[in-house]
Amino acid sequence: MDSNNWLQQLMMVGIGTTSLVAEKLKQVGDDLVKDGKLNPEQAKAVMDDVVQQLKSEQGNWDAQMQRQMRNMMQDLGVARQSEVDELRGRIDRLERQVRDLENKLWR
């Protein structure tokens with residue numbers, strides 16, 4: 001279970017969703033300009049505002065997804081990388097101690 005891969009995929013879904021929304025917004029803006037309901041400058045201003053807001057929310061979404069992913073992994077009992085590294089160090093020290101004791105025993 002590779003948590004970084006899951007997180008990356010979730011982020012890509014968010015980025016893809018933002019792209020689709022921006023595309024659809026542009027299409028709606030173009031239609032409103034074509035129908036004479038907005039002039040091109042107004043459509044551009046509205047689209048720029050919405051895209052900027054989406055980008056801002058994307059950052060918030062990413063942070064929230066990372067937080068939720070960490071919580072979910074913790075709830076599932078998946079060890080953090082720092083915990084795994086600490087355990088590897090402890091195992092190395094114990095193996096060294098066992099080798100030292102074996103060497104002392106056979107002398």
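What follows is a walk through that helix and its surroundings.

Reply: Happy to! One thing to keep in mind from the start is that this is a predicted model.

The protein has 3 helices and 0 strands, and along the sequence they run in the pattern α-α-α. The part you ask about is helix α3, which spans residues 81-105.

Side chains of opposite charge can pair when their charged atoms come close. With a cut-off of 4 Å between a side-chain nitrogen of Lys or Arg and a carboxyl oxygen of Asp or Glu, the count here is 2 salt bridges. One of them joins Arg 80 and Glu 83, with N and O 3.8 Å apart. Glu 83 has a relative accessible area of 32%, so this residue falls in the partly exposed class, between the 20% and 50% limits.

The other pairing you can look up is Arg 88 with Asp 85, where the closest N and O atoms are 3.6 Å apart. Both residues belong to helix α3 and are separated by 3 residues, about one turn of the helix. Asp 85 is partly exposed as well, at 39% relative accessibility.

Further along, the picture turns to positive charge. Arg 90, Arg 93, Arg 96 and Arg 99 come together in a positively charged patch on the surface. Arg 99 is part of helix α3, and its relative accessibility of 44% makes it partly exposed. Residues in such a patch must have over 30% relative accessible area and no salt bridge, so Arg 99, at 44%, clears the accessibility limit.

Leu 76 sits in the loop between α2 (40-75) and α3. Together with Met 72 and Val 78, Leu 76 makes a nonpolar surface patch of about 240 Å². Leu 76 has 54% relative accessibility and therefore counts as exposed.

The other loop is worth a glance too. Asn 39 lies between α1 (3-34) and α2, and is partly exposed at 33% relative accessibility. Asn 39 and Gly 29 are 10 residues apart in sequence, and their C-alpha atoms are 9.4 Å apart in space.

Of the 107 residues, 11% are buried. The accessible surface is about 9,000 Å², with carbon and sulfur atoms contributing 53% of that area. Among contacts between residues at least 6 apart in sequence, 76% join residues at least 24 apart.

Notes:
Residues numbered from 1 in each chain as written. Predicted model: local features only at pLDDT ≥ 70, side-chain atom pairs only at ≥ 80, totals over all residues. Heavy atoms only, no water. Buried < 20%, exposed > 50% of the residue type's maximum accessible area, 1.4 Å probe, protein only. Helix = DSSP H or I, 4+ residues; strand = E, 2+ residues; numbered from the N terminus. Patch = residues over 30% accessible without salt bridge, like charges linked within 9 Å, V, L, I, M, F, W, Y side chains within 5 Å. Areas by Shrake-Rupley, 256 points an atom, 1.4 Å probe, with all protein chains shown as cover. Lys, Arg positive; Asp, Glu negative; His and termini not counted. Charge placed at Lys NZ, Arg CZ, Asp CG, Glu CD. Contact = heavy atoms within 4.5 Å.
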